Amino acid sequence: MNNTRLQYHATGGQLFILFLKNMFLTVVTLGIYSFWARTNVQKFMAENLEWAGERFSFHGTGKERFIGFLKAAGIFIVLYIAIMIILWIANKIPVPYFATIIGIVLYIGVILALVPIIIVGSRKYITSRTGYRNLRFGFDGKILEVAKLYGKGILLTIVTLGIYYPWFFAEKEAYIQSKTRFGNTNFGFSADGKEIFFLYLKGFLLSIVTLGIYYSWFLADVQNYIWNRTSFQGKKFRSDITGGKIFVNFLIAYLIILFTLGIGFAWAVVRLTKLFIESVSLEAEVDFSTISAQPDTQANATAEGLEALAETLEAFLS
């Protein structure tokens, strides 16, 4: 069996220079360059990731992200004006708390509507701009399907005080992976909510008992569980990361950041990224002769713009 492992070639020095460039230009442009900065980091990550002798690539641009943000801002302004008009009308109706109730319903409705749009749109954009061996990835998920999946999952998670979350997680990952493809070939994922429940329960209890020390082993269990149940062309991925390695590397990364007064952050990031990525492999080689291109012409950066706008508003309000 040919066990092909992912490789990560980035260095802390390279990432440090990139961070400095991004930070300087973002400050100078009053935040506008942040769209290009995010793209630069994703290109850096992809171009330093190798599998089976070939490197990945990222073809997104800061310009399309910036335009997506402007479109998202336009959508938000239209929604805001529409809501203000509805609330103005509601205030004219002489019913106690009527306008307040309408406002809450509209607020919740907008959130529930935007979440699946952002999830589907962002994943379609990221996958369609990510390439390997001159082929692109893609995502065929539908907004309505994601809305139903998340609506059910979030509702049952709330009703069961969090107990249902592992089953929601299993359904969510199975859907997302089954709709994610490389070229015209989809990934697969199979998980059991019961197994995830006991995995989380064990991690939660032991993390408390050990005052957080066990958390590294919990992270290892979660990564291994997810990757070991992910497949492509019927071939399974494997992850062999251990809690001990995570604990030691987290400790080293913390010390690097601490003793360099934050300057070593880039080296810490590269160290941890390399650890998690290079623990993943595929049990056999992929048959590329059966894979053909299937471009996603509908993917754009508007959903990412909505997400960025939401994060900006959240940061501003907090």
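Modeller: What follows describes the sheet of this predicted model, then the helix on it, and then a group of helices elsewhere in the chain.

The sheet is open and has 11 strands in the order β1-β11-β10-β9-β8-β7-β6-β5-β4-β3-β2, with antiparallel pairing. Its edges are β1 (4-5) and β2 (7-8), each of which has a single partner strand, so one side of each is left without a neighbour in the sheet. For β1 that partner is β11 (residues 280-282), which it meets in the antiparallel sense over 2 bridges, and within this pair R5 has S281 of β11 as its bridge partner.

Helix α8 (residues 215-228) packs on the sheet and touches β8, β9, β10 (235-239) and β11, while its direction makes about 170 degrees with that of β10.

Strand β8 is mostly covered, since 4 of its 5 residues are buried. On one side, β8 pairs with β7 (residues 180-182) in the antiparallel sense over 2 bridges, and F182 stands opposite T185 in β8. These two strands form a hairpin with 2 residues between them, and G183 in the turn has a positive phi of about 65 degrees.

Turning to the helices, α1 (residues 12-28) and α2 (residues 34-47) pack at an angle of about 170 degrees, their axes lying 9 Å apart. Because the cut-off for roughly antiparallel is an angle over 145 degrees, α1 counts as roughly antiparallel to α2. In their contact, Q14, L15, L18, F19, K21, N22 and T26 of α1 meet S34, A37, N40, V41 and F44 of α2, a set that divides into 6 nonpolar, 5 polar and 1 charged.

Helix α2 also packs with α3 (residues 62-91), here at an angle of about 135 degrees and with the axes 8 Å apart, and α2 and α3 are therefore oblique to each other. The crossing by which α2 passes α3 is right-handed. Here F35, W36, R38, T39 and Q42 of α2 meet G62, K63, R65, F66 and F69 of α3, and these residues divide into 4 nonpolar, 3 polar and 3 charged.

Terms used
Residues are numbered from 1 along each chain as its sequence is written. This is a predicted model: local features need pLDDT of at least 70, side-chain atom pairs count only at pLDDT 80 or more; totals for chains, interfaces and linings use all residues. Side-chain values use heavy atoms; hydrogens and water are left out. Axes are lines fitted to C-alpha atoms, for helices over the stretch in contact, and angles run from 0 to 180 degrees between N-to-C directions. Angles under 35 degrees count as roughly parallel, over 145 as roughly antiparallel, 65 to 115 as roughly perpendicular and the rest as oblique. Contact means heavy atoms within 4.5 Å. Ala, Val, Leu, Ile, Met, Phe, Trp, Tyr, Cys and Pro count as nonpolar, Asp, Glu, Lys and Arg as charged, and the others, Gly among them, as polar. Buried means under 20% relative accessible area, exposed over 50%, partly exposed in between (1.4 Å probe, protein chains only). Two strands pair if DSSP finds at least two bridges between them. A crossing is left-handed if the near helix is turned anticlockwise from the far one by less than a right angle, and right-handed if clockwise.
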